[in-house]
Amino acid sequence: MSARILIIEDEQKIARFVELELTHEGYETEKAFDGRAGLELALRGDFDLVLLDVMLPGLSGLEVLRRLRNESSVPVIMVTARDAVMDKVSGLDMGANDYITKPFAIEELLARIRAVLRQTEQHSPAHMAALRCGALCLDPARHTVAYGDTPVNLTYKEFLLLQTLMENRDIVLSRDTLLERVWGYDYLGETNVVDVYIRYLRQKLDDVFDVKLIHTVRGVGYVIKGDET
């Protein structure tokens, strides 16, 4: 079955162009031209991915993303004409899976879509079993993380990175392996993204709970250990 993609884009010529290209690639598509209509469709429809423009009438793309993440973990690629670092950081921190800046080559957009869909498929919980590492518990089915009785709020990418580490507890994973499994083969962003997100996880886990779960193996990569030492 082909993936279903929702395009939320107020510039109708761009939306139509993307729709034609995606249809040619075998995807099923639907369009919305403002934030409120897009959010309604995203929450109501059974979509595999959402292409979400930042600058939208009604509700901004970031507000659509914020509300969407309250109820859904559907993959989202932000599409924006703005190249400011904070716009990208805000989108990623609010749960976007990736971003692409206008003007973009359609080949790059297609590559990012393939990467996000592949990453989502890789991390779909086959048995819905909770993962445990000491007092840390990650529930893929409910998409929740807790340390003891304390909930831990993670962004979508942070969750996937932690899930990958916990699925391979006590096994050292290289940066390339983590980049491949969490961001996908076609990831086109910064090469130090793994180190950045490891730092985010440590700030929310190791620093907050005064433990040492995530270890660096110099020259090799990262590992999560259950003994918290």
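**Salt bridges, stop by stop**

Select R66: at 40% relative accessibility, R66 is partly exposed (buried means under 20% relative accessible area, exposed over 50%, partly exposed in between, with a 1.4 Å probe and protein chains only). The model is predicted, so local features need pLDDT of at least 70 and side-chain atom pairs count only at pLDDT 80 or more, while totals for chains, interfaces and linings use all residues. Residues are numbered from 1 along each chain as its sequence is written, and side-chain values use heavy atoms, with hydrogens and water left out.

The side chains of R66 and E63 form a salt bridge at 2.6 Å, N to O (a side-chain nitrogen of Lys or Arg within 4 Å of a carboxyl oxygen of Asp or Glu). Both residues are in helix 3 (residues 61–69), three residues apart, about one turn of the helix (helices are DSSP runs of H or I, at least four residues, numbered from the N terminus).

Next, select K204 and E158. Their closest N and O atoms are 2.7 Å apart, in a salt bridge. This pair links distant parts of the chain, with K204 in helix 8 (residues 193–204) and E158 in helix 6 (residues 156–167), 46 residues apart. K204 is partly exposed at 29% relative accessible area, whereas E158 is buried at 2%.

Then select E9, E11, D53 and K102: salt bridges that share partners join these residues into one network.

Last, go to E40 and R44 in helix 2 (residues 35–44), four residues apart and separated by about one helical turn. Their side chains meet in a salt bridge of 3.3 Å, N to O. E40 is partly exposed at 48%, and R44 is exposed at 59%. The structure holds 15 salt bridges.

Note on methods
Helix = DSSP H or I, 4+ residues; strand = E, 2+ residues; numbered from the N terminus.
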